[in-house]
Amino acid sequence: MVARFVLDEMQGFADSPDEQRRRRAQRGFETLEVLEREGVTRVFTLEDEVIEFDAVDAKLVALARRLQLRLLTNDGPSPRNAELQGVPTCNLRRLAQELAPAVVPATSCASR
């Protein structure tokens with residue numbers, strides 16, 4: 001499930017003059033398209049609004065708590081804040097780091 005207010009924020013980033021923000025937003029939209037097209041799970045847009053908060057992160061935590069959902073994110077500070085408020089989270093960035101194979105530097109054999 002993706003909250004409408006998150007999609008709206010992503011669109012704002014996509015329209016930004018900041019090239020890095022535009023690229024990140026475009027990657028986010030592309031990821032959602034791939035999930036919808038090729039994923040085994042369905043992607044839903046939640047139209048629920050959380051009027052008691054202005055910040056998107058606070059809205060997400062409140063919405064997840066209200067609907068008793070786990071928050072899935074790649075943001076750095078959001079998972080810690082959500083967990084402190086009793087919302088279980090899965091940080092995709094941390095998960096990818098933990099699943100990445102350990103790189104062991106190759107040792108060279110010196111010729112004698």
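**Figure 1. Helix α2 in the lining of the largest pocket.** In this predicted model, α2 contributes eight residues to the lining of the largest pocket, the largest share. The helix spans residues 19–38. Other elements that each supply at least two lining residues include β1 (2–3), β3 (71–73) and α5 (92–99). Helices α1 and α3 also supply at least two residues each.

**Figure 2. Centre and composition of the largest pocket.** The pocket holds about 1,600 Å³ of space. Its lining comprises 35 residues. Nearest the centre lie Val6, Met10, Leu72, Thr73 and Asn74. Sorted by class, the lining has 19 nonpolar residues, seven polar residues and nine charged residues.

**Figure 3. Packing of α1 against α2.** The axes of these two helices are 7 Å apart and form an angle of about 135°. On the α1 side, the contact is made by Leu7, Met10, Gln11, Phe13 and Ala14. On the α2 side, Arg21, Arg22, Ala25, Gly28, Phe29 and Leu32 take part. The residues of this contact comprise seven nonpolar, two polar and two charged. Met10 of α1 belongs to this contact and is also one of the residues that lie nearest the centre of the largest pocket.

**Figure 4. Packing of α1 against α3.** Helix α1 (residues 4–14) packs with helix α3 (residues 56–67) at an angle of about 160°, and the two axes are 10 Å apart. Because angles over 145 degrees count as roughly antiparallel, α1 is roughly antiparallel to α3. The crossing of α1 past α3 is left-handed. Phe5, Val6 and Glu9 of α1 make the contact with Val56, Lys59, Leu60 and Leu63 of α3. Five of the contact residues are nonpolar, none is polar and two are charged. Val6 of α1 takes part in this contact and is also among the residues nearest the centre of the largest pocket.

Methods:
Residues numbered from 1 in each chain as written. Predicted model: local features only at pLDDT ≥ 70, side-chain atom pairs only at ≥ 80, totals over all residues. Heavy atoms only, no water. Axes fitted to C-alpha atoms, helices over the stretch in contact; angles between N-to-C directions. Helix = DSSP H or I, 4+ residues; strand = E, 2+ residues; numbered from the N terminus. Parallel < 35°, antiparallel > 145°, perpendicular 65-115°, else oblique. Left-handed = near helix turned anticlockwise from the far one by under 90°. Contact = heavy atoms within 4.5 Å. Nonpolar A, V, L, I, M, F, W, Y, C, P; charged D, E, K, R; others polar. 1 Å grid on protein atoms, 1.4 Å probe; cavity = no way out; pocket = protein on both sides within 12 Å on 5 of 7 lines; lining within 4 Å. Points joined across faces, edges and corners; volume = space filled by probe spheres on them.
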